[in-house]
Amino acid sequence: MSEAVRAQFPIFARTSRGEPLVYLDSGATTQKPQVVIDAEMAFYEGWNANIHRGVYEFSERATLAYDGTRATVARFLGGVHEDEIVFTTGTTGSTNLVAQSFLRPKVGPGTWVLVTEMEHHANIVPWQLAGAALRAIPVTDEGELDLEAAGKLLADGPALLAVTHVSNVLGTINPIAQLTSMARAHGVPVLVDGAQAVGHFPVDLTALGADFYCFSAHKLFAPTGVGVLWARRELLAAMPPYQGGGDMIDRVSFERSTFASGPQRFEAGTPNIAGVIGMDAAIQWVLTEDRAAWQAEDERLLAMGREMLGAIPGVKLLATPTHSVGVMTFTMTGAHPHDIASILDSRGICIRAGHHCTQPLHARFGVPATARASFGPYTTEADVRALGKGLEKVRELFR
Amino acid sequence: MAGMDEMYQTLIIEHDRSPRNFKRLEAPTHHAEGRNPLCGDEVSLDLTLDAEGRIAEVGFQGQGCAVSRASSSMMTTAIKGKTVPEALELFDQFHAMLTGQPGERDALGKLVAFQGLSVYPMRVKCATMVWHTLKEALKQE
């Protein structure tokens with residue numbers, strides 16, 4: 001099944017370090033299918049023009065394609081309103097927008113945001129920059145959120161709950177619907193970081209109960225530099241713009257300016273038009289794929305990978321949460337993660353080493369750095385076996 | 001690629017496991033600390049220069065990847081007994097080798113074992129970090 005998906009990604013015809021490419025870093029960025037590469041190229045080759053300005057053919061076409069992508073994204077997220085879709089530079093751009101435009105005006109003495117120990121720095125630092133203090137829902141040894149503690153913390157009155165849908169390190173799929181219903185009982189708005197979720201399974205925002213949802217297009221088979229912020233209409237309408245410039249205004253004079261209504265208010269300047277068009281193509285492609293089969297294969301490969309790594313002496317998975325996407329983060333006794341990654345790299349195997357932008361989570365597990373292998377829908381059994389074989393070699397070298 | 005395995009096999013792992021001069025000096029004349037955020041490598045370097053300006057004693061402490069520890073260990077043995085200009089010339093040759101620059105390699109000796117790293121630019125810093133720390137330490141008068 002992965003083979004049929006894989007065939008649509010031209011990069012897998014390439015080698016790395018002279019070896020067949022074994023790409024196990026989809027948590028950092030996914031590869032791009034031919035349809036996405038074609039869509040971006042077709043725009044630049046055939047009808048490149050700026051949006052919202054020209055009345056000529058190409059500009060109209062670019063404008064329709066760019067704004068039309070809101071409807072594609074809205075459908076992809078379970079049928080939300082298209083005027084709730086803001087295009088950003090990525091998940092980081094989305095969390096920063098909410099931090100500056102939604103949170104900052106409310107910040108006073110004692111304002112705090114509830115995060116979790118498993119958050120990516122992009123869901124930690126923006127709240128600090130907005131002037132809020134932070135408290136965190138603990139992560140259990142199994143790599144899951146401590147929901148009892150979450151309930152107590154929510155009762156303490158945070159200004160916002162900012163939680164990841166899927167951990168980029170542990171792979172944990174968090175019980176978002178449960179968390180949003182707990183938060184609602186205390187009147188706490190909820191932002192969900194969906195960066196690691198959207199590429200793995202369908203997300204239905206009409207059922208999730210969140211108030212903000214963020215993701216990056218490049219983790220969804222689309223180009224880098226584009227992302228989405230979905231925000232409830234009434235929340236978005238009350239948020240002031242946080243960057244000024246062209247494209248986001250209603251009227252401008254030296255005395256005062258008024259701003260566009262709707263999502264455009266948050267999209268100052270010429271955006272990444274080609275990237276948005278690429279994202280449209282990526283989502284259209286994902287929607288034609290059998291994602292239930294993707295998820296089943298992801299789970300099968302994860303079970304296989306966990307077993308394989310568990311059999312290598314000295315290899316220790318950080319945690320093995322029950323509900324997880326295909327991510328394995330581990331350490332090996334005596335071998336630094338960067339040495340592991342380099343030895344695998346020399347065999348064409350791409351993994352990530354370091355703290356993966358989650359220093360608090362690494363502190364929680366008492367390790368400075370880890371190695372991480374993460375899957376995509378094009379990941380095969382052969383990839384997982386290559387990782388196992390590569391790690392046996394690392395073990396041999398460091399024995 | 002076999003180069004990487006060989007590099008680890010021949011030198012790095014031995015020096016990673018039993019690093020030479022892994023100690024703090026009692027009364028160093030020169031000291032500096034270095035950090036490589038990529039791997040989280042940290043090194044603390046102590047030097048004692050004698051009356052003729054030779055590196056009489058050297059010790060390092062720290063943690064990090066095998067490349068950085070092995071490079072630190074091998075640097076300490078390579079610079080011991082050398083004058084400051086000799087040690088700096090050694091760094092120039094080492095750096096040129098790792099960044100693929102032409103130039104003399106005659107002084108390098110065992111340090112040529114790191115040559116394979118030159119095709120892994122992200123890891124070159126792991127090997128040169130301790131040398132930059134040495135340069136920092138020697139700036140002190």
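This is a short chat about the packing and contacts in a predicted model.

User: What kind of model is this, and how are residues numbered?
Analyst: The model is predicted, so local features need pLDDT of at least 70 and side-chain atom pairs count only at pLDDT 80 or more, while totals for chains, interfaces and linings use all residues. Residues are numbered from 1 along each chain as its sequence is written, and chains are lettered from A and ligands numbered from 1 in the order in which they are written.

User: Ok. Which residues touch the most other members of the largest nonpolar core?
Analyst: A:Leu161, A:Phe212 and A:Trp230 do, in a core of 147 residues. A nonpolar core is a set of buried Ala, Val, Leu, Ile, Met, Phe, Trp, Tyr and Cys residues joined through C-beta atoms within 7 Å. Buried means that 20 or more other C-beta atoms lie within 10 Å of the residue's own; exposed means 12 or fewer, and partly exposed is in between, with C-beta atoms placed from the backbone.

User: Which helix gives the largest share of this core?
Analyst: Helix 10 of chain A, residues 273-288, with 8 residues. Helices are DSSP runs of H or I, at least four residues, numbered from the N terminus.

User: And what does A:Leu161 touch?
Analyst: Not counting residues up to four places away in sequence, A:Leu161 touches A:Leu114, A:Leu154, A:Leu179, A:Ala183, A:Val188 and A:Val190. Contact means that the C-beta atoms, placed from the backbone, lie within 7 Å.

User: New topic. How do helix 11 and helix 14 of chain A pack?
Analyst: Helix 11 (residues 291-310) and helix 14 of chain A pack at about 15°, with axes 10 Å apart. Axes are lines fitted to C-alpha atoms, for helices over the stretch in contact, and angles run from 0 to 180 degrees between N-to-C directions. Helix 11 and helix 14 of chain A are therefore roughly parallel to each other, a label for angles under 35 degrees.

User: Which residues make that contact?
Analyst: A:Leu301, A:Met304, A:Gly305, A:Met308 and A:Leu309 of helix 11 of chain A meet A:Glu381, A:Val384, A:Gly388 and A:Leu391 of helix 14 of chain A. By class, the contact of helix 11 with helix 14 of chain A has 6 nonpolar, 2 polar and 1 charged. Ala, Val, Leu, Ile, Met, Phe, Trp, Tyr, Cys and Pro count as nonpolar, Asp, Glu, Lys and Arg as charged, and the others, Gly among them, as polar.

User: How many residues does each chain bring to the contact of chain A with chain B?
Analyst: Chain A brings 12 residues and chain B 14 residues. On the side of chain A, helix 12 gives the most, with 4 residues. That side of chain A divides into 5 nonpolar, 5 polar and 2 charged.

User: How many residues of helix 12 of chain A are buried?
Analyst: 9 of its 9 residues, among them A:Pro337 and A:Asp345.

User: Where is A:Ala62, and is it buried or exposed?
Analyst: A:Ala62 lies in helix 3 (residues 57-76) of chain A. With 23 C-beta neighbours inside 10 Å, A:Ala62 counts as buried. Beyond four places in sequence, A:Ala62 is in contact with A:Trp47, A:Ala49, A:Asn50, A:Ile51 and A:Ile273.

User: And A:Ala4, buried or exposed?
Analyst: A:Ala4 counts as exposed, because it has 12 C-beta neighbours inside 10 Å. The place of A:Ala4 is in helix 1 (residues 2-6) of chain A.

Definitions and conventions. Helices (H or I, at least four residues) and strands (E, at least two) are DSSP runs, numbered from the N terminus. Two residues are in contact if their C-beta atoms, placed from the backbone, lie within 7 Å. Angles under 35 degrees count as roughly parallel, over 145 as roughly antiparallel, 65 to 115 as roughly perpendicular and the rest as oblique.
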